[in-house]
Amino acid sequence: MVKPTLVTNDIRGLRAAHGDMTQADLAARVGVTRQTLLAIEQGRYSPTLELAFRIARVFGVPLDDVFSYPED
């Protein structure tokens, strides 16, 4: 069984705010499969730091507007 990540994200909201961008569109723009993007969006997988930056750049927002990690 895969342990969910503690990293949360607002990818779905950002996609909606950017003209209802599809998962497939975003995945193609950042160079991953739709399945990988789905797993990140659902919190089942944490992206690499490089991929996280690429996702944030597509939306034109800082990294912490896309991803967050709980405070201790």
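I take buried to mean under 20% relative accessible area, exposed over 50%, and partly exposed in between (1.4 Å probe, protein chains only). The model is predicted, so I keep local features at pLDDT of at least 70 and side-chain atom pairs at pLDDT 80 or more, while totals for chains, interfaces and linings use all residues. Residues are numbered from 1 along each chain as its sequence is written, and side-chain values use heavy atoms, with hydrogens and water left out.

**Entry 1: Leu26.** I started in helix H2, where Leu26 lies. Helices (H or I, at least four residues) and strands (E, at least two) are DSSP runs, numbered from the N terminus. Leu26 has 0% relative accessibility, so it counts as buried. I listed its contacts next (heavy atoms within 4.5 Å). Beyond four places in sequence, Leu26 touches Ile11, Arg15, Met21, Leu37, Val58 and Phe59.

**Entry 2: Arg15.** Arg15 is buried, at a relative accessible area of 11%. Its contacts, leaving aside neighbours within four places in sequence, include Gln23, Leu26, Glu41 and Phe59.

**Entry 3: Gln23.** Back in H2 (residues 23–30), I checked Gln23. Buried or exposed? Gln23 is buried, with a relative accessible area of 15%. Its side chain makes a polar contact of 3.2 Å with that of Glu41. For such a contact I require a pair of N or O atoms within 3.5 Å; within protein, one must be able to donate a hydrogen and the other to accept it, and residues adjacent in sequence count only if both atoms are side-chain atoms.

**Entry 4: H2 against H3.** I fitted axes as lines to C-alpha atoms, for helices over the stretch in contact, with angles from 0 to 180 degrees between N-to-C directions. The H2 and H3 axes come within 8 Å and cross at roughly 105°. That makes H2 roughly perpendicular to H3 (65 to 115 degrees). From H2, Gln23, Ala24, Leu26 and Ala27 meet Arg34, Leu37, Leu38 and Glu41 of H3.

**Entry 5: H3.** I then listed the buried residues of helix H3 (residues 34–41): Leu37, Ala39, Ile40 and Glu41. They pack against strand S1 (8–9), H1, H2, helix H4 (49–59) and strand S2 (67–68). Just after H3, I noted Gly43 with a positive phi of about 75°.

Notes: Angles under 35 degrees count as roughly parallel, over 145 as roughly antiparallel, 65 to 115 as roughly perpendicular and the rest as oblique.
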